Amino acid sequence: MAMEDPDRKTEVVLLACGSFNPITNMHLRLFELAKDYFHETGKYKVIKGIISPVSDAYKKKGLISANHRVTMAKLATKNSDWVEVDDWESCQSEWLETLKVLRYHHQKLLSAGVTNSLQDAVPITKLGRKRKQQPNSHEPLKKKNQSQAVKSVPQVKLLCGSDMLESFGIPNLWKLEDITEIVEKHGLVCISRAGNNAQKFIYESDILWRHKNNIHLVEEWIPNEISSTKIRRAVRRGQSVRYLVPDGVRAYIERHGLYSAHSEASNAGVLLAPLQKCAPEPCQALSPARP
């Protein structure tokens, strides 16, 4: 049997955006499930996972400061050799649409790829020896390497749970053009429980159905009901969250006295940032395909 060429596999970077309030073991499991799925296809190679906590400007009820959330995410991933935390989104003074975060990371990879390619294309000559000039010999090399760099830039795919996928149908939460660009140019990796309606949701949307080959549904066969909301509730009630969040995160929560009844009331009655943006001009949500 011929050996599989790893260089022919499509490289993928998994990007998870969200509150991470706090980060839980389930958030980390999403990355592992997605990585297993891609590697089992034999077509992809996951090279990195990125956790991007949302900024405070998101205005979600109970959202504590980005500084705490980013620190906890870093504590949760400190022993990972492939998942890292990026604080660019969390440092923004205004809330950013998920699409803009995807574009940012894609552009970052693109810039790095072109820079590396151009560096590789510089001819190496020995000191004291003058290389004979060949007219225009460097031009095809430069173009060729730039072309290869663009082709080899990893795909940045949005990693999410089925709840985020289904939130595409909530009026004024997502812009239709944003959803289209996400599934067309980047792609979704959706972790869904067995028996979930994610596939039905895709079937009922013309846009999602059109780009269904770029939406990867990964079934989670070992049910895990851990959620940040339940973690905060347990902490408020003085209950243990050991084994539900990484030990470093649990210790940080205790040390800083996070997730009290007072913090849970923050942003109460405040309209979520995406809804504020869409309020003047209602955003069109995904609608089921008409018969």
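Visitor: Which strands does helix α6 lie across?

Guide: This is a predicted model: local features need pLDDT of at least 70, side-chain atom pairs count only at pLDDT 80 or more, and totals for chains, interfaces and linings use all residues. Residues are numbered from 1 along each chain as its sequence is written, and side-chain values use heavy atoms, leaving out hydrogens and water. Helix α6 (residues 176-186) lies across β4, β5 and β6. Its angle to β4 is about 125°.

Visitor: How are helices, strands and angles defined?

Guide: Helices (H or I, at least four residues) and strands (E, at least two) are DSSP runs, numbered from the N terminus. Axes are lines fitted to C-alpha atoms, for helices over the stretch in contact (heavy atoms within 4.5 Å). Angles run from 0 to 180 degrees between N-to-C directions.

Visitor: What's the strand order in the sheet?

Guide: β3-β2-β1-β4-β5-β6, an open sheet with parallel pairing. Two strands pair if DSSP finds at least two bridges between them. β3 (83-85) and β6 (215-220) are the edge strands.

Visitor: How many bridges join β5 to β6?

Guide: 6 bridges. V189 stands opposite H216 in β6.

Visitor: Switching to packing. Which residues touch the most other members of the largest nonpolar core?

Guide: L165, F168, L188, L208 and L286, out of 38 residues. A nonpolar core is a set of buried (under 20% relative accessible area, 1.4 Å probe, protein chains only) Ala, Val, Leu, Ile, Met, Phe, Trp, Tyr and Cys residues joined through side-chain atoms within 4.5 Å. Another core, of 36 residues, lies apart from it, and includes V12 and L33.

Technical notes
Buried < 20%, exposed > 50% of the residue type's maximum accessible area, 1.4 Å probe, protein only.
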